[in-house]
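Hello,

The structure you asked for is below. My notes on it follow.

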Amino acid sequence: MTDNDRVPPRRVLGLAVPALGVLAAEPLYVLVDTAVVGHLGALPLAGLALGGVILSQVAAQLTFLAYGTTSRAARLHGAGRREEAVEEGVQATWLALGVGVLLIALGQVLAGPVARLLAGDGEVADAAVGWIRIALFGAPFILVTLAGNGWMRGVQETARPLRYVLLGNGLSAVLCPVLVYPVGLGLEGSAIANVVAQVVSASLFFRALFAEDVALKPVPALMRAQLGLGRDLIVRSLAFQACFVSAASVAARTSIAAVGAHQVVLQLWMFLALVLDSLAIAAQAIVGAALGAGERVKARRFAWQITGYGLVFGIGLGIVFAAVAGVLPKVFTTDPGVLAEIPHAWWFFVALQPIAGVVFALDGVLLGAGDAAFLRTATLLSAGIGFLPLIWLSLAFDWGLVGIWTGLSLFMLLRLVTLVLRTRSEHWSVVGAVR
């Protein structure tokens with residue numbers, strides 16, 4: 001690799017570190033929320049676990065508002081067409097508002113049936129329904145924040161999104177324990193604090209768009225183009241969510257202690273996944289811009305450069321969380337049943353970090369290239385062969401959290417193999433302002 005082809009580490013870090021703050025802010029807030037609610041007891045924690053999975057999976061179906069927008073905006077930015085790159089953000093924001101309002105309406109009707117479908121009739125489902133019906137009022141603002149992060153990453157501006165998200169979640173992290181305990185709202189107080197965070201952050205992204213010298217009216221043709229890329233990313237997200245919702249459902253049907261333990265370890269997994277995904281954000285922006293500028297060799301060589309960073313980062317995280325295995329779970333709960341279940345998932349979580357570092361880095365490369373169709377197919381195959389069969393076998397044979405996390409491990413290994421093989425091929429690195 002020549003000096004001209006190699007992306008300076010400082011540039012990668014300049015994009016990845018602020019993106020890390022943005023990505024970590026939401027799961028870090030959820031971890032704080034989990035710690036606050038966890039001290040109410042096992043039942044509120046289980047209700048938060050189920051409600052949180054439902055809300056996060058709804059939002060995750062629409063991550064194309066961030067990742068698809070980044071891919072399209074980065075290519076345009078690399079081709080020297082910044083105004084058009086920002087216009088991608090305008091159209092993504094209109095999509096976010098429309099879909100978000102629809103989610104509020106549907107969620108009020110479907111929250112109860114969905115919670116009972118996943119956890120059966122009982123106290124866990126009832127607790128989750130109360131939380132989710134409040135939290136869903138933040139849905140339009142969650143999606144606007146996704147769209148805002150998408151176009152700003154595409155034009156390689158990651159500092160402002162970090163400030164916006166930290167302000168919203170910081171205020172809410174202070175508000176959550178106040179509403180839960182002194183005010184006495186309990187689990188519902190955490191849902192209200194969640195909505196406050198989303199409103200504050202989205203308001204700042206609105207202001208950023210208004211400050212740009214671009215047209216703000218809806219352009220159906222651009223929205224249709226975004227939805228075309230979004231279709232593949234949505235199908236891919238559905239595969240992820242089928243896996244994680246199934247895992248939560250099996251844990252909920254195992255025991256209250258099991259679902260509480262799964263909530264703690266899963267939230268840590270999601271947190272570290274997004275930490276590792278900060279490299280993927282840098283990869284998206286750099287690869288998209290390079291391909292938009294016609295620099296195919298640079299894009300291909302950078303793919304392996306970022307893979308090495310991901311591997312080292314993942315090994316480091318695995319070592320850290322192995323060291324705190326006896327201490328960290330007690331931050332989230334004092335319930336002895338939940339603490340006894342956590343080790344059944346913990347060591348899978350630790351061992352998977354190096355694999356996750358490579359997987360998320362290569363995800364970013366292929367997302368930056370707009371190679372969404374391949375990512376869709378590879379994820380569907382990995383979920384269908386690896387994760388889902390083991391999850392439901394865990395329910396049938398009472399394997400509990402060991403079976404669930406074995407399924408996640410196989411899922412990640414299959415993704416690793418498919419992503420490495422694709423990156424070694426010539427098919428993903430298509431040059432041009434649009435793919």
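Phe240, Phe244, Phe387 and Phe411 are joined into a cluster by ring pairs. Here rings of Phe, Tyr and Trp (its six-membered ring) pair if their centres lie within 6.5 Å; planes under 30 degrees apart count as stacked, over 60 as edge-to-face and the rest as tilted. This is a predicted model, in which local features need pLDDT of at least 70 and side-chain atom pairs count only at pLDDT 80 or more, while totals for chains, interfaces and linings use all residues. Residues are numbered from 1 along each chain as its sequence is written, and side-chain values use heavy atoms, with hydrogens and water left out.

Aromatic pairs

The structure holds nine aromatic pairs. In one of them, the rings of Trp269 and Trp405 have planes at 85° and centres 6.2 Å apart, so this pair is edge-to-face. Because Trp269 belongs to helix 10 (residues 256-292) and Trp405 to helix 17 (residues 400-424), the pair ties together parts that are 136 residues apart in sequence. Helices are DSSP runs (H or I, at least four residues), numbered from the N terminus. Both Trp269 and Trp405 are buried, where buried means under 20% relative accessible area, exposed over 50% and partly exposed in between (1.4 Å probe, protein chains only).

Phe397 and Trp399 form a stacked pair, with 5.5 Å centre to centre and 20° between the planes. Phe397 is exposed at a relative accessible area of 54%, and Trp399 is partly exposed at 40%.

There is also a charge over a ring: the charged end of Arg153 sits over Tyr67, 5.8 Å from the ring centre. The criterion is NZ of Lys or CZ of Arg within 6 Å of the ring centre and within 35 degrees of the ring normal.

Helix packing

How do helix 6 and helix 8 pack? Helix 6 (residues 139-154) and helix 8 (residues 187-211) have their axes 8 Å apart, at an angle of about 40°. Axes are lines fitted to C-alpha atoms, for helices over the stretch in contact, and angles run from 0 to 180 degrees between N-to-C directions. The two helices, helix 6 and helix 8, are therefore oblique to each other; angles under 35 degrees count as roughly parallel, over 145 as roughly antiparallel, 65 to 115 as roughly perpendicular and the rest as oblique. Their crossing is left-handed, meaning that the near helix is turned anticlockwise from the far one by less than a right angle, with clockwise being right-handed. Among the residues that meet are Phe141, Gly148 and Trp151 in helix 6, and Ser201, Phe205 and Leu209 in helix 8.

Helix 7 (residues 159-180) also packs on helix 8, at about 160° and with the axes 8 Å apart. Helix 7 and helix 8 are therefore roughly antiparallel, and the crossing is right-handed.

Single residues

Asn149 lies in helix 6 and is buried at 5% relative accessibility. Leaving aside neighbours within four places in sequence, Asn149 is in contact (heavy atoms within 4.5 Å) with Val22, Thr70, Pro161, Val165 and Phe205.

Gln156, in the loop between helix 6 and helix 7, has a phi near 60°, a positive value in a residue other than glycine. Most residues other than glycine have a negative phi. Gln156 is partly exposed, at 23% relative accessibility.

Ser255 is in the loop between helix 9 (220-254) and helix 10, and is partly exposed at 25%. Ser255 and Ala46 lie 9.7 Å apart in space, C-alpha to C-alpha, and 209 residues apart in sequence.

Regards
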